[in-house]
Amino acid sequence: MHAWGMAGVAAVLWLVTGPVAAAAGFDGVTLQIELDPEQALLEGRFEADPGSVEPESLRRFRLDPGIAVDTVSLGGQAVAYERSEDGWLELVRAPEPDAGALVIRYGARLPALEDARPGSGFLDSRGGYLPPGADWYPRRPDAEPHAVRIELTTTGGHLVVASGSRVAEESNGSEYRAIYEHPAGRALAVATGPWVSGERAAGEVTVRTLFPEGLEQGFGETYRNQAAGYLQRFSDEIGRYPFDTFTMAASPRPVGLAFSGFTLLGERVIPLPFIPHTSLGHEVLHAWWGTGVYVDAVDGNWSEGLTTYMADYQFKRERGEGREERGQWLRDYAALPAGEDRPHASFRGGNSGAARIAGYHRGAMLWRMLEDRIGAEAFRAGARTLYDEWRFREADWDAVIAAFDEVTDQDLRPFFAQWIDRAGAPALELTDLRREERETGWVVHGLLRQADDHDPWDLYVPLVVDTGAGHETHWVMLNGERTSVSLETSSRPRAIAVDPDWRLFRQLAPDESPAILRQAALDPDTRIVTLGNAAAAEVAPWLGRVPDIAEDSDGARILLGSHSSVADWLEARGLPRNPGAVEGDAGTETGPRAWTVPETRLVVTSGADGDARGDVAAALRHRSHYSYLLQEPDGAWRTGLWSQPGVWQRFDDGE
Ligand SMILES: [Zn+2]
């Protein structure tokens, strides 16, 4: 029932999901990969028949120069080839269609986990990873995506997973074999580890965890159940999940990565209680956006914005936290120095700092604004069209736009062009307000304008009127620098605001934009003022770098020292001594803390000694979207934003 001759071996057959055809009958590329974690050895065999695979595509391959090629043969006869230092393996000529199978045998010793560069491959007893795009097999980038079958063997008690659907597997003592098939694979990935397997069904899909024993016992079932729910949800929303199996595998690295049919999650990430309810859903959705419909990133990577919008953001919205999430994105953007502001189209990858804002936040807000413009039903139809037309093909922005354009009567191209290609963001203002009572109700008059009069944004702006009885939203088209508005309301209007719920990607007004700690991390020119024995390196766990020392306080600055030394320094400059002096709520705790000084570009980090300040720096890595961070006596971190007047303009009622 399986591909390897196991006659005479007492094999324990775990599971064969269907009859496995012999490799020779497979109409595509077959890879045989053997991984020996103890020896850190990879042995590979590539096979493709030019009778069924385009012969011209079998002339030239990407293969890591660190991999040794044993033989290249055609129909059983050795053939000449050349290798270049920049990673190409090239035959003298393309094989004839009837020449028989092209076979490339190769092998390599892989680095151990701690010797591998971040993102590159490794193999040892703790696990192994062959990343996409790392040329660990003879790869034909121009022929991708293509059908592929991956036959894997691993020893030392490891299990293994690869891109595609699992079609068979078996275990024999400490040796394990599995077969994966992909109808249209691209940039394939493999992972292995000392895992145990757990499974459940989700409709026709097998959901599986490959975790180390301890993690399986603690979290396996939770992950399988959550993943099953996500697969069902996104299949209903977008279209059927494109593989037969979905695997969540543990990695010794602190990652969250999505591949066709599987995701890799860090061993230290898996126990975090929020991951199954947040990041896991994001990685599952990449089976549709990213590894289902592939990204042609020539004019930008569209998949992270759409995935963030349809997974992370919707989960927040369903918990009643959508507005707060949008506000956080806009506050992050407000904290970004102008020189770091990039258009969404510039995003190819990376998930921190300015790249995260350009790729994830701008992207998610683009989809939020599109849904406001075309409605939820059209949005969903567009997503289904994109998936239906582009599954297992490489879609660029034009393809994505066309899929959504197709399902509406509007011309969506200008909308997309503006939000993809343009950096910056509109700044809005509502002036000349007056209200008027008529026989049928009330009318509010005003002038809506945007700051950029050279190249105004094309906007669909929500104006919200508070009538006392509730909030009424009026959508206004703003195509030029200004437009006059007249809004009819049934009840007496009390106040009005431009986009108070942050539905537009825009510049926050000063009255809705508290300074946040992240400003110091987002500005590459941030420098540091150290007092007493404080050392600039104390903030490296947060910034990822040691900032230069500053003698002055003119630009973006971190002020570092003991509570009393920073208080004296601030007082000498007429600034609040501590967070409690800015806002009473920010307390009088004596523990280590970080806070922004309003109306300056200062972030203050203080604590009794370097260890205490180092704890603040570590905590800031995940909490810098606040104005302050204070350690309470029990060691817990308290966070908050400086309160702001907000953007509501009241009509003078004399009430
Ligand atoms: Zn992602």
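Guide: Here is a short tour in questions and answers. Keep in mind that this is a predicted model.

Visitor: Metal first. Which residues are the protein donors of the zinc ion?

Guide: His282 and His286 each donate through NE2.

Visitor: What would the ideal tetrahedral angle be?

Guide: For four tetrahedral donors, 109.5 degrees.

Visitor: How are the donor residues spaced in sequence?

Guide: The pattern is H-x3-H-x17-E. His286 sits in the loop between α2 (279–285) and β22 (289–290), and Glu304 is in helix α3 (residues 303–318), so this pair ties together parts 18 residues apart in sequence.

Visitor: Are His286 and Glu304 buried or exposed?

Guide: Both are buried.

Visitor: Switching to aromatics. How many aromatic pairs are there in the whole structure?

Guide: A search finds 33. One of them is Tyr241 with Phe246, and that pair is edge-to-face. The ring centres are 6.2 Å apart, with 80° between the planes.

Visitor: How buried are those two? What are the relative accessibilities of Tyr241 and Phe246?

Guide: Tyr241 has a relative accessible area of 1%. Phe246 comes in at 2%. The cut-off for buried is under 20%, so both qualify.

Visitor: Give me another pair. What is the geometry of Tyr294 and Phe392?

Guide: Tilted: 6.5 Å centre to centre, with 40° between the planes. The pair links distant parts of the chain, 98 residues apart. Tyr294 is in strand β23 (residues 293–295). Phe392 is in the loop between α6 (376–390) and β24 (394–395).

Visitor: Which residues form the aromatic cluster?

Guide: Both pairs we discussed are in it: Tyr241, Phe246, Tyr294 and Phe392 are among the members. The cluster also includes Tyr230, Phe234, Phe243, Trp288, Trp289, Trp302, Phe315 and Tyr387.

Visitor: Back to helix α6. What about Ala383 there?

Guide: Ala383 is in α6 and is buried, with a relative accessible area of 1%. Ala383 and Ile238 are 145 residues apart in sequence, yet their C-alpha atoms are 6.1 Å apart in space.

Visitor: Charges over rings. Which ring does Arg62 lie over, and which one does Arg573 sit over?

Guide: Arg62 lies over the face of Trp88, 4.9 Å from the ring centre. The charged end of Arg573 sits over the ring of Trp569, 3.8 Å from its centre.

Visitor: Now sheets. What is the strand order in the open sheet of 6 strands?

Guide: β31-β32-β34-β33-β35-β36, with mixed pairing. β31 (527–530) and β36 (637–640) are the edge strands, each pairing on one side only. Neighbouring strands are turned by 20° against each other on average, direction ignored.

Visitor: How many bridges join β35 to β36?

Guide: 4, and the two strands run antiparallel. Leu630 of β35 (residues 628–631) has Arg638 as its bridge partner in β36.

Visitor: What about β25 and β26? What do they form?

Guide: A hairpin, with 4 residues between the strands. Gly441 in the turn has a positive phi of about 155°. The strands, β25 (residues 428–437) and β26 (residues 442–450), run antiparallel and are joined by 8 bridges. Arg434 has His445 as its bridge partner in β26.

Notes:
Residues are numbered from 1 along each chain as its sequence is written. This is a predicted model: local features need pLDDT of at least 70, side-chain atom pairs count only at pLDDT 80 or more; totals for chains, interfaces and linings use all residues. Side-chain values use heavy atoms; hydrogens and water are left out. Donors are N, O and S atoms within 2.8 Å of the metal (3.2 Å for Na, K and Ca); water is not among the atoms, so sites may look incomplete. Buried means under 20% relative accessible area, exposed over 50%, partly exposed in between (1.4 Å probe, protein chains only). Rings of Phe, Tyr and Trp (its six-membered ring) pair if their centres lie within 6.5 Å; planes under 30 degrees apart count as stacked, over 60 as edge-to-face and the rest as tilted. A charge sits over a ring if NZ of Lys or CZ of Arg is within 6 Å of the ring centre and within 35 degrees of the ring normal. Two strands pair if DSSP finds at least two bridges between them. Axes are lines fitted to C-alpha atoms, for helices over the stretch in contact, and angles run from 0 to 180 degrees between N-to-C directions.
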